[in-house]
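Let's take a walk through a protein chain together. Have a look at the sequence and the 3D picture first, and then read on.

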Amino acid sequence: IRRPPRSTLFPYTTLFRSEKAAAHFGWNAGQTVQLEYGGKIVRLPLQAVLSTGGSEDSQVLLPISALQALTAQPGRLSLIQARLPGSAAQVESRRQEIAALLPEVEARPLRQVVESEARLVMKVRALMYGLTAVVLGIVILSVMTTVSGVVLDRQRDIGIMKTLGASDLMISLLFVAETAASALLAAVLG
């Protein structure tokens, strides 16, 4: 596991507060908060209030360097929680990779976040399929109306073709060819 560049992590002097913990202490984003542990005091700006829908909502989230300095346990980790993209099998595979690399640390995916993102994606996908079906229905109705109008406008031509011996199939093929040519022209112009 490689640590991302410092610029992609949140600033080391930043504190993130979870929803329930922030409500309990009455803290809001933007405030400077004071934490005390073992006689040591650290003041950090409260960057944001997070809500994951899990046990993390009752926790204070600090940069690892600030936590290790506050507890006087540099280099010590006990839990890694990661937001891992992908299917359930891919998330579990990545979790197992992390656990194999760091056997002394418990590795857990933030399932609530991943699952809520998956639900959102599925809802958006269903909405897009529904919208596609509506648009397709409108296009079909539009084409049917246009073809019906053409047939009604050309009743005399159809009558003359019938008189000259044209079959229903031949007349139908003529209209299909005309409609296909119009559609091709519209697609090219579109």
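What follows is a short tour, from the overall layout to a few single residues.

A word on the ground rules: this is a predicted model, so local features need pLDDT of at least 70, side-chain atom pairs count only at pLDDT 80 or more, and totals for chains, interfaces and linings use all residues. Residues are numbered from 1 along each chain as its sequence is written, and side-chain values use heavy atoms, with hydrogens and water left out.

Let's start with the big picture. The chain has 6 helices and 6 strands; these are DSSP runs, numbered from the N terminus, with helices being H or I of at least four residues and strands being E of at least two. Read from the N terminus, the order is β-α-β-β-β-α-β-α-β-α-α-α. Of the 190 residues, 18% count as buried. Here, buried means under 20% relative accessible area, exposed means over 50%, and partly exposed lies in between (1.4 Å probe, protein chains only).

Now find strands β5 (residues 79–82) and β6 (residues 106–109). They run parallel and are joined by 4 bridges; two strands pair if DSSP finds at least two bridges between them. In this pair, A82 sits opposite P109 of β6. To get from β5 to β6, the chain passes through helix α3 (residues 88–101), and this β-α-β crossover is right-handed. That label means that, with the strands pointing away from the viewer, the path from the first strand over the helix to the second runs clockwise.

What makes up the largest nonpolar core? It has 6 residues: W27, V33, L35, L44, L46 and L62.

Next, helix α2 (residues 64–71), where A66, Q68 and L70 are buried. Just after α2 comes A72, with a positive phi of about 60°. Most residues other than glycine have a negative phi. A72 lies in the loop between α2 and β5. Is A72 buried or exposed? A72 counts as exposed because its relative accessible area is 52%.

Note on methods:
A nonpolar core is a set of buried Ala, Val, Leu, Ile, Met, Phe, Trp, Tyr and Cys residues joined through side-chain atoms within 4.5 Å.
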